[in-house]
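Open the model in your viewer and keep the sequence panel beside it. This tour tells you what to select at each stop and what is there.

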Amino acid sequence: MKITLVAVGRVRGSLAEALREYEERARRYWKLETVEVDSGAGSGRREPESVLHAEEARILARTPPGAKLVALTRGGQPLGSRAFTSYLEDHALNSKDLVFVVGGAFGLSATVLANARQLTLSPMTLPHDIARLVLAEQLYRAGTILRGEPYHKGT
């Protein structure tokens with residue numbers, strides 16, 4: 001199973017190093033590819049629907065055919081670390097590639113949401129760079145849980 005993370009925008013500043021660290025850790029367990037797509041906002045101020053439409057095209061263009069789309073949204077289904085691990089394991093056993101999508105400033109388009117399973121990392125709104133970091137850490141944690149490694153201390 002291949003996991004692709006498609007994210008609108010780039011991570012800069014102090015979180016960039018932490019994100020790289022956890023993405024590298026996650027790659028010990030998963031075939032993980034990270035794809036950053038440009039925001040639909042461009043250089044000028046644009047209407048949210050126009051931005052979402054442009055981002056949608058970029059996101060869907062980077063989604064491999066046959067892959068299961070998973071949108072990370074504030075209103076999505078919550079999964080604990082063990083349930084998330086089971087979700088990944090089920091897809092790995094069925095050889096289903098997963099594409100996790102982290103939207104931009106206006107979230108994700110209705111088309112992307114309609115074609116995706118929606119999961120939440122938190123009921124709070126998270127900046128996209130923090131959402132990416134949390135997802136990368138949870139992918140790493142899931143790998144350690146599957147292999148019985150001591151990183152995960154939860155029950």
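**Before you start**

This is a predicted model: local features need pLDDT of at least 70, side-chain atom pairs count only at pLDDT 80 or more, and totals for chains, interfaces and linings use all residues. Residues are numbered from 1 along each chain as its sequence is written, and side-chain values use heavy atoms, with hydrogens and water left out.

**Stop 1: the sheet**

Show the cartoon and select the strands. Helices (H or I, at least four residues) and strands (E, at least two) are DSSP runs, numbered from the N terminus. Five strands form an open sheet with parallel pairing, in the order E2-E1-E4-E3-E5. Two strands count as paired if DSSP finds at least two bridges between them. Go to the edges: strand E2 (31–37) and strand E5 (117–120) each pair on one side only. From one strand to the next, the twist averages 30 degrees. Axes here are lines fitted to C-alpha atoms, for helices over the stretch in contact, and angles run from 0 to 180 degrees between N-to-C directions.

**Stop 2: strand E1**

Select residues 2–8, strand E1; seven bridges join E1 to E2, and the two run parallel. Pick Val8 and find its bridge partner in E2, Val37. Now turn to E4: five bridges join it to E1, again in parallel. Leu5 stands opposite Phe100 in E4.

Is E1 mostly covered or mostly open? Covered: six of its seven residues are buried. Buried means under 20% relative accessible area, exposed means over 50%, and partly exposed lies in between (1.4 Å probe, protein chains only).

**Stop 3: the helices**

Next, select helix H2 (residues 48–61). H2 lies across E1, E2, strand E3 (68–78) and strand E4 (98–102), and runs at about 160 degrees to E1. Then select helix H3 (residues 81–93), which packs on the sheet and touches E1, E3, E4 and E5. The direction of H3 makes about 135 degrees with that of E4. Contact means heavy atoms within 4.5 Å.

**Stop 4: the cores**

Which residues have the most contacts inside the largest nonpolar core? Select Ile3, Trp30, Phe84, Leu88, Phe100 and Leu139; the core has 28 residues. A nonpolar core is a set of buried Ala, Val, Leu, Ile, Met, Phe, Trp, Tyr and Cys residues joined through side-chain atoms within 4.5 Å. E1, H1, E3, H3, E4 and helix H5 (128–146) are the elements that give two or more residues to this core. H5 gives the most, with seven residues.

Centre on Phe100. Leaving aside neighbours within four places in sequence, its contacts include Ile3, Val70, Leu72, Phe84, Leu88, Leu119, Leu135 and Leu139. Apart from this core lies another, of 13 residues, among them Val8, Val37, Ala67 and Ala116.

**Stop 5: the salt bridges**

The structure holds seven salt bridges. The test is a side-chain nitrogen of Lys or Arg within 4 Å of a carboxyl oxygen of Asp or Glu.

Select Glu36 and Arg10: their side chains meet in a salt bridge (2.8 Å, N to O). The pair links distant parts of the chain, with Glu36 in strand E2 and Arg10 in the loop between E1 and H1, 26 residues apart. Glu36 is partly exposed at 30% relative accessibility, and Arg10 is partly exposed at 43%.

Move to helix H5 and select Glu137 and Arg141, four residues apart, about one turn of the helix. Their side chains form a salt bridge (2.8 Å, N to O). Glu137 is buried, with a relative accessible area of 13%; Arg141 also counts as buried, at 16%.
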